[in-house]
Amino acid sequence: TPTISGSATGFTRSGTTVTIAAHEGESQRSCTYTASYSGATSKSVTIYQAAAELGIGKMTIGSTFKVF
């Protein structure tokens, strides 16, 4: 059985399933997972999650948002 490693904020792995939490940040985020096995070449995959779309309709009174 290969060993799978990797972690990042908002990304949770259970076995071979990755769950990604909602993301309200202004920039894209990503997580790279690497599968390795003794005597074999390691393989990696990177999962990207786009930045949130922070528009006028999503603003909340009392919050600060970068508009430009």
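**From the loop to the sheet**

Mentor: Let us begin with Gly 25, which lies in the loop between strand 3 and strand 4. The model is a predicted one, in which local features need pLDDT of at least 70 and side-chain atom pairs count only at pLDDT 80 or more, while totals for chains, interfaces and linings use all residues. Residues are numbered from 1 along each chain as its sequence is written, and side-chain values use heavy atoms, with hydrogens and water left out.

Trainee: Why is Gly 25 called partly exposed?

Mentor: The term buried is kept for residues under 20% relative accessible area and exposed for those over 50%, with partly exposed in between (1.4 Å probe, protein chains only). Gly 25 has 23% relative accessibility, so it counts as partly exposed.

Trainee: What does Gly 25 touch, not counting residues up to four places away in sequence?

Mentor: Its contacts (heavy atoms within 4.5 Å) are Ala 51 and Ala 52. Gly 25 also stands 8.9 Å from Ala 50, C-alpha to C-alpha, although the two are 25 residues apart in sequence.

Trainee: Where is Ala 52 found, and why does it count as it does?

Mentor: Ala 52 belongs to the segment after strand 5. With a relative accessibility of 21%, Ala 52 counts as partly exposed. Ala 52 touches His 23, Glu 24 and Gly 25 when residues up to four places away are set aside.

Trainee: How do you know how many strands the chain has?

Mentor: Helices (H or I, at least four residues) and strands (E, at least two) are DSSP runs, numbered from the N terminus. By that rule the chain has 0 helices and 5 strands, and the pattern along the sequence is β-β-β-β-β.

Trainee: What makes strand 2 and strand 3 a pair?

Mentor: Pairing requires that DSSP finds at least two bridges between two strands. Strand 2 (residues 11-14) and strand 3 (residues 17-20) have 4 bridges in the antiparallel sense and therefore meet the definition. Arg 13 stands opposite Val 18 in strand 3. The two strands form a hairpin with 2 residues between them, and Gly 15 in the turn has a positive phi of about 65 degrees.

Trainee: In what order do the strands of the open sheet stand?

Mentor: The order is 1-4-5, with antiparallel pairing among these 3 strands. Strand 1 (3-5) and strand 5 (43-49) are at the edges with a single partner strand each, so one side of each is left without a neighbour in the sheet. Neighbouring strands of this sheet are turned by 20 degrees against each other on average, direction ignored; the axes are lines fitted to C-alpha atoms, for helices over the stretch in contact, with angles running from 0 to 180 degrees between N-to-C directions.

Trainee: How many bridges join strand 1 to strand 4, and how many join strand 4 and strand 5?

Mentor: Strand 1 and strand 4 share 3 bridges; Ser 5 has Thr 34 as its bridge partner in strand 4. Strand 4 (residues 29-36) and strand 5 are paired over 7 bridges. Cys 31 stands opposite Ile 47, and Ser 30 faces Tyr 48, both partners being in strand 5. Strand 4 and strand 5 form a hairpin with 6 residues between them, and Gly 39 in its turn has a positive phi of about 85 degrees.

Trainee: What makes the link between Arg 29 and Gln 49 a polar contact?

Mentor: A polar contact is a pair of N or O atoms within 3.5 Å; within protein, one must be able to donate a hydrogen and the other to accept it, and residues adjacent in sequence count only if both atoms are side-chain atoms. The side chains of Arg 29 and Gln 49 are joined at 2.8 Å, and a polar atom of the Arg 29 side chain lies 3.3 Å from the backbone oxygen of Ala 22.
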